[in-house]
Amino acid sequence: MPLEHHEPVTCVTFSLDEAAQISASRANFRRRIFSRRMLLRLAIGALAFAGAGLVFGIVIEDPDPVGTALLFGGEVLVLFPLMCVLLYALIPRRVRRVVRQNPLSSRPVEACWSLAGLSARSANGTSELPWSDFYGWHAAAIGFLLYFNEQHYHLIPAAILSEAQQAGLRATLEASAVRRL
């Protein structure tokens, strides 16, 4: 069903080059890594490994099972950030591969938004979505990431937006029912 924009509509046209897609993917990664959910998982993992270390220390009759527990829990706190740094460093390689596989991703997009929602048109197709169809949004240095779910997002690059357009899009998103991530 077509989206009807009754109030003033803001439209921009842009193409996403490889660098913009890498920056957006890195912004998404940072948002997910520093989310409360991920930090809670890290804490649970550290406690679980510490508990396993305590049990292991008791089973092998270690004179200091608490030290073993701290060692196991500490490993999680050291290895997890190292894995995150490695994954972050590999983002450009993964995005370049995806861009090479999908040349459609660099075609021009016309995005229009109002209080009603977002319309996006390109040679690939058209989508017209009310804000209620979005999972959330995140403002990053690269631009606005509009999430369909936890994994998939649409990027509106900040580089093509004037200060007034950025403020208008932020105000529109804040006025909508879409949650800020």
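Biologist: Let's start with Gly136, then: which residue in E8 is its bridge partner?

Modeller: The bridge partner of Gly136 in E8 is Arg179, with strands taken as DSSP runs of E of at least two residues, helices as runs of H or I of at least four, and both numbered from the N terminus. Please keep in mind that this is a predicted model, in which local features need pLDDT of at least 70 and side-chain atom pairs count only at pLDDT 80 or more, while totals for chains, interfaces and linings use all residues. Residues are numbered from 1 along each chain as its sequence is written, and side-chain values use heavy atoms, with hydrogens and water left out.

Biologist: And how do E5 and E8 run, parallel or antiparallel?

Modeller: E5 and E8 run parallel and are joined by two bridges, and two strands count as paired if DSSP finds at least two bridges between them.

Biologist: What about E5 and E6, how many bridges there?

Modeller: Five bridges join E5, residues 136–140, to E6, residues 143–147, and these two strands run antiparallel. They form a hairpin with two residues between them, and in E6 it is Tyr147 that stands opposite Gly136.

Biologist: So what's the strand order in that sheet?

Modeller: The order is E7-E6-E5-E8, in an open sheet of four strands with mixed pairing. E7 and E8 are the edge strands, each pairing on one side only.

Biologist: Okay, other sheet: which strands form the antiparallel one?

Modeller: That open sheet is formed by four strands in the order E1-E2-E3-E4, and its pairing is antiparallel. Strand E1 (10–14) and E4 stand at the edges with a single partner strand each, so one side of each is left without a neighbour in the sheet. From one strand to the next the twist averages 10°.

Biologist: How many bridges between E3 and E4?

Modeller: E3 and E4 pair over six bridges in the antiparallel sense, and a hairpin joins them through two residues. Within that pairing, Ser119 has Glu128 of E4 as its bridge partner, and Ala120 stands opposite Ser127 in E4.

Biologist: Switching to helices: at what angle do H2 and H3 cross?

Modeller: Their axes cross at roughly 150° and come within 7 Å, where axes are lines fitted to C-alpha atoms, for helices over the stretch in contact, and angles run from 0 to 180 degrees between N-to-C directions. That makes H2 roughly antiparallel to H3, a label used for angles over 145 degrees.

Biologist: Now pockets: what volume does the largest one have?

Modeller: The largest pocket has a volume of about 1,000 Å³. On a 1 Å grid over the protein atoms alone, a pocket is an open set of points with protein on both sides within 12 Å along at least five of seven lines, and its lining residues have an atom within 4 Å of a point. The volume is the space filled by probe spheres, of 1.4 Å, set on the points, which are joined across faces, edges and corners.

Biologist: Which residues lie nearest its centre?

Modeller: Of the 34 residues lining the largest pocket, Gln21, Val98, Gln151, His152 and Tyr153 lie nearest its centre. H3 gives the largest share of that lining, eight residues.

Biologist: And the second largest pocket, what kinds of residues line it?

Modeller: Its lining divides into three nonpolar, one polar and eight charged residues, where Asp, Glu, Lys and Arg count as charged, Ala, Val, Leu, Ile, Met, Phe, Trp, Tyr, Cys and Pro as nonpolar, and the others, Gly among them, as polar. The second largest pocket has a volume of about 400 Å³, and the residues that line it include Arg31, Arg36, Glu150 and Arg179. Four residues, the largest share of its lining, come from H2.

Notes:
Angles under 35 degrees count as roughly parallel, over 145 as roughly antiparallel, 65 to 115 as roughly perpendicular and the rest as oblique.
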